[in-house]
Amino acid sequence: MRLSEGVEWGLHCAVLLAVLPPDTAIVTGRLAEYHGVPVAYLAKHLQAMSRAGILAAGPGRGGGYRLARPPTDISVLDVVEALDGEDPAFRCLEIRRRGPAAVPAREYRTMCGIHRVMVEADDAWRARLGRTSIADLAAGVARDASPRMIEKFGAWLQEVMP
């Protein structure tokens with residue numbers, strides 16, 4: 001399974017917005033600048049997150065984005081599904097029902113074992129992402145980031161905040 005790069009971008013933006021004072025917004029260009037990603041592509045991802053109720057967009061060109069809900073109420077799964085959709089990673093085509101050993105459909109009484117394990121894995125993956133909030137990720141960054149990175153983030157934030 002491969003997630004789009006937009007998932008990484010969206011998660012990083014959500015974590016950055018989570019550490020800002022409430023109701024503080026940052027424009028797309030500044031978020032793109034901070035993460036070193038193209039503005040136009042990031043804008044599409046932020047719009048999708050806004051449509052999903054993860055971000056709130058301020059009015060006008062200078063409005064910017066902020067979290068629409070507390071970071072404790074936004075899961076990693078919310079972001080993944082907003083950006084890459086809700087479809088499972090595996091799509092069973094029932095190829096066991098083809099070829100020389102195929103039998104009538106009524107004789108397949110249970111789900112294919114391959115399909116079953118893929119569904120179980122997808123369920124476990126989604127459950128784990130659903131249990132991890134943006135607040136959890138932000139706490140991890142605060143705990144794991146180097147003091148120099150935190151210092152540089154603070155300087156950048158002072159530069160972009162009115």
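How many residues does helix α7 have, and how far does α7 reach from its first C-alpha to its last? I looked it up: α7 (residues 147-160) has 14 residues and reaches 20 Å, close to the 20 Å expected at 1.5 Å a residue. That expected span is 1.5 Å times one less than the number of residues, and helices here are DSSP runs of H or I, at least four residues, numbered from the N terminus.

Notes on the source. This is a predicted model, where local features need pLDDT of at least 70 and side-chain atom pairs count only at pLDDT 80 or more, while totals for chains, interfaces and linings use all residues. Residues are numbered from 1 along each chain as its sequence is written, and side-chain values use heavy atoms, with hydrogens and water left out.

Back to α7. I found Phe153, Trp156, Leu157 and Val160 buried (under 20% relative accessible area; exposed is over 50%, with a 1.4 Å probe and protein chains only). They cover an arc of only 100 degrees around the axis, so they sit on the same side of α7; the arc is taken from the directions from the helix axis to the C-beta atoms. On the other side, Pro147, Glu151, Gln158 and Glu159 are exposed. Cover for the buried residues includes α1 (5-18) and α2 (28-35).

Next, α6 (residues 134-144). Ile134, Ala138 and Gly140 are buried there. Seen down the axis, the buried residues of α6 fall within an arc of 155 degrees, so they line one face. Arg143 and Asp144 are exposed on the face turned away.

Last, α5 (residues 113-131), where I found Ile114. Ile114 counts as exposed because its relative accessibility is 55%.

Definitions and conventions
Helix = DSSP H or I, 4+ residues; strand = E, 2+ residues; numbered from the N terminus. Contact = heavy atoms within 4.5 Å.
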